[in-house]
Structures are given as C-alpha cells and as structure tokens.
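Thanks for coming, everyone. I'll take one chain today and walk through it piece by piece. Have a look at it first.

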Amino acid sequence: MAEPVVRIPDAKVALSTASVYPESTATAFEIAARLGYDGVEVMVWNDPVSQDIDALRRLSDYHGIPILAVHAPCLLITQRVWSTDPWTKLQRARAAAEKLGAGAVVVHPPFRWQRQYARDFVQGIWRMADETDVRFAVENMYPWRYRDREMLAYAPDWDVTKDDYRHFTIDLSHAATARTDALDMVDRMGDRLGHVHLADGLGSNKDEHLVPGRGTQPCAELLERLARTGFDGHVVIEVNTRRAMSGAEREADLAEALAFTRLHLASPVKADRR
C-alpha cells in the first residue's frame, strides 16, 4: 500500500452561523450541508432559533449536519439573551453544548465594565471547565479604536494569553484588528489551543472577518501548522458576508473559504531519508 503524501489532522471544518448574517440560523445549516462542511458552530444571538435547543436539534437532524460548538451570547447586542447575568449565559451555553453533542463553548473575556464578572472570570472558567467534558475556549479580542484613541474594553485583557485558561480560541480577524502577530499568539497558547475562528483581516480599526486569503493574516500558515501538529480541535469559518449582493454570492464566498481551508489544512509527509 502506498504511503500517504499529505497529513490531514482530525480537525473538523465548521461554518459559524454568524457567517450567513443577515440570513437566519436555519439558512446556515442548509448552506453548510450543501457545501460539505463538517458541522456548524451556533452563534447564540437575537435569532430565536439560535436560542432554542430543540429547534437546533431538529435542524441538525434534518440537514444531517452536527453542531460542533456553541458560541455563548457575549456580544454587545446579546446582553439580554439567555439572561443578563453572564454566568447564567455560560451555564446555559454549557447545557446547550452537552445536549447538542457539541465539543466546545466559545466565550469572550468580559467587558471592562462588568467588574465583578471580570474579577472572577479566570477562576470561574476553570470551575466550569472542571464540571464538563465540553471545552471552554476563551477567545482573543482586541482594543477598540476610534481615530487616534484606543480603549481597552476587555478585562482581564483582550490578549487572553496573559491569563491562565485551560483552552483558547484563536481568531485571526481579531488578531488583525489588535495588530498583533497571530502566530506568536498561537505559540503562547501552545497545546491549550482548542478552537480556531478562521477569517482574514487587513489590520483596520474594524473587525473585518474577511474570507481567508483576502487579507494579510497568516491563514494558510496557521492551517499548515495545525496539520503538522495533529490539531484535533475545530476550525470554524467565521466570515462577514453582509455585503454579498445575493444568496449565490454569499454561498460562493463560503465555498471559497471552505476550499481554502481544506487545501491548507494538510501537511506534506516528509520522505524517510534512511
């Protein structure tokens, strides 16, 4: 039998339901299944379906597409989704992940004005991680900028590698907005990197979430590194398609993102030189 010439890790490639916005959560399942994604990451936000475990299970069963991760509702626009208490949100995200068979909960660090939550966040995430097999993967963020002013909106820090978490999510669009070296950040995360949000960026003040390959981030290099190291987490396409002029254009962008990811999520197997 011929030896393989490439090494492909066990990582599954998922579509974030946020990638079809302003289309619905249900549309994301349909597109993910049609294009051949391995699963979806559910962004829990104002779409009622994204908050409804039974509805999500029906979508997953109908389309034959598993739910691989749940993104907790921790955006500014989701402050009232699943309670106003941030710990309740995380408890419900964990319960949703367990019931849906998802392997990870993605969570952002607290906003700086959530003082008590921020004060207890690192220890609290460890406590929650100890209570479940679901990975709580804390995501890197970025400073907020307006013209020449910068505001540190997240606590303990937007750079989550400065604190001790069991698992991390690396988001390359956030790294671009933070103007930090994504591969250096991945090095600091080490074997605690459990989840990837794949998107590109040009380093503007806005979080761009471009299709991989359309910005300056090392998307290909990161994927090839994941292949070499046998990464077993999830790679989630989380791109912004709001400017798509039609459903067909949106779907073409998501097909391009998937093809890019599959192409680079492989590593040549070096020949034995004995």
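Start with D253. Once neighbours within four places in sequence are set aside, D253 contacts V211, R214 and T241, where contact means heavy atoms within 4.5 Å. D253 sits in helix α8. Is D253 buried or exposed? Buried, with a relative accessible area of 12%. On this scale buried is under 20% relative accessible area, exposed is over 50%, and partly exposed lies in between, using a 1.4 Å probe and protein chains only.

Some ground rules. This is a predicted model, so local features need pLDDT of at least 70 and side-chain atom pairs count only at pLDDT 80 or more, while totals for chains, interfaces and linings use all residues. Numbering runs from 1 along each chain as its sequence is written, and side-chain values use heavy atoms, with hydrogens and water left out.

Back to α8, residues 247–264. Its 18 residues should span 26 Å at 1.5 Å a residue, and its end C-alpha atoms are 26 Å apart, which agrees. The expected span is 1.5 Å times one less than the number of residues. Buried residues in α8 include R250, L254, A257, L258 and T261. An α-helix has 3.6 residues a turn, so residues three or four places apart point the same way. What covers the buried residues of α8? The cover includes β2 (12–16), α1 (25–35), β10 (193–198), α7 (219–229) and β11 (234–237).

Strand β2 holds S16. S16 is buried, with a relative accessible area of 0%. S16 touches E41, V236, I237 and E238, not counting residues up to four places away in sequence.

Next, helix α3, residues 86–100. α3 has 15 residues and reaches 21 Å from first C-alpha to last, close to the 21 Å expected. Its buried residues include W87, L90, A93, R94 and A97. Covering them are, among others, α2 (53–63), β4 (67–71), β5 (104–107), α4 (115–130) and β6 (135–139). G101 follows α3, with a positive phi near 75°.

Most residues other than glycine have a negative phi, and most peptide bonds are trans. Which bonds are cis here? One is Y21 to P22, with omega near 15°. P22 is in the loop between β2 and α1. Another is A155 to P156, with omega near 0°. P156 is in the loop between β8 (149–151) and β9 (167–171).

Then positive phi. S83 is not a glycine, yet its phi is near 90°. S83 lies in the loop between β4 and α3. It is partly exposed, at 29% relative accessible area. H209 also has a positive phi, about 55°. H209 is in the loop between β10 and α7. H209 is buried, at 9%.

Last, the whole chain. It has eight helices and 12 strands; these are DSSP runs, H or I of at least four residues for helices and E of at least two for strands, numbered from the N terminus. With 274 residues, a compact globule would have a radius of gyration near 19 Å; this chain has 18 Å, which agrees. That radius is taken over C-alpha atoms, and the globule rule is 2.2 Å times the number of residues to the power 0.38. Buried residues make up 55% of the 274. Of contacts between residues at least 6 apart in sequence, 76% join residues at least 24 apart.
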